[in-house]
Amino acid sequence: MSSITNTSSFHNPKYAECIEACNHCANSCDYCGTLCLRDANYTLVECVELCFYCADVCRFASKHMCRDSNRAKEFCDYCAKVCEDCSEECDEHDMDHCKQCAKVCRECSKICKEMVAKQRK
């Protein structure tokens, strides 16, 4: 069962679950990156960079799904990879917000991969 909750009922129903996952992941990554920045621990630089990059990629993928872009599948495939990288980085840290971000990123990656697989059929 997904921990992603429906935040909007007005978007492309073809990609609804993946859009929700990407938006949720983007917000989680922005929050995690911001908290890591406030920690002022220079060992978190890569975590901050990956979180903000992941948030941008998730939003980009979400926009293309909302627009039913013919490139949505490609962007979601890339999004899944970036989410995996971000989850691995966040998992290396002990802070609760990093652990939660890693969980959300893993879930988003899984949902993006499922959407890509469905589109290939």
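## A bridge between H3 and H4

Glutamate 84 and lysine 113 form a salt bridge, with their closest N and O atoms 2.1 Å apart. This pair links distant parts of the chain. Glutamate 84 sits in helix H3 (residues 72-91), and lysine 113 sits in helix H4 (residues 96-120), 29 residues apart. The model is predicted.

Both partners have some accessible area. Glutamate 84 is partly exposed, at a relative accessible area of 26%. Lysine 113 is also partly exposed, at 43%.

Lysine 110 pairs with glutamate 114 in another salt bridge. Here the closest N and O atoms are 2.9 Å apart. The two residues are 4 apart in helix H4, so about one helical turn separates them. Glutamate 114 counts as partly exposed, with 32% relative accessibility.

## H1 against H2

The axes of helix H1 (residues 16-39) and helix H2 (residues 45-66) come within 8 Å. They cross at roughly 160°. H1 is therefore roughly antiparallel to H2, since angles over 145 degrees fall in that class. The crossing is left-handed. By class, the contact has 19 nonpolar, 5 polar and 2 charged residues.

A salt bridge also joins arginine 59 to aspartate 30, with the closest N and O atoms 2.8 Å apart. Arginine 59 belongs to H2 and aspartate 30 to H1, 29 residues apart, so this pair too links distant parts of the chain. Arginine 59 is partly exposed, at a relative accessible area of 29%. Aspartate 30 is partly exposed as well, at 26%.

## Overall count

Across the whole structure, a search finds 7 salt bridges.

Methods
Residues numbered from 1 in each chain as written. Predicted model: local features only at pLDDT ≥ 70, side-chain atom pairs only at ≥ 80, totals over all residues. Heavy atoms only, no water. Axes fitted to C-alpha atoms, helices over the stretch in contact; angles between N-to-C directions. Parallel < 35°, antiparallel > 145°, perpendicular 65-115°, else oblique. Left-handed = near helix turned anticlockwise from the far one by under 90°. Nonpolar A, V, L, I, M, F, W, Y, C, P; charged D, E, K, R; others polar. Salt bridge = Lys/Arg side-chain N within 4 Å of Asp/Glu carboxyl O. Buried < 20%, exposed > 50% of the residue type's maximum accessible area, 1.4 Å probe, protein only.
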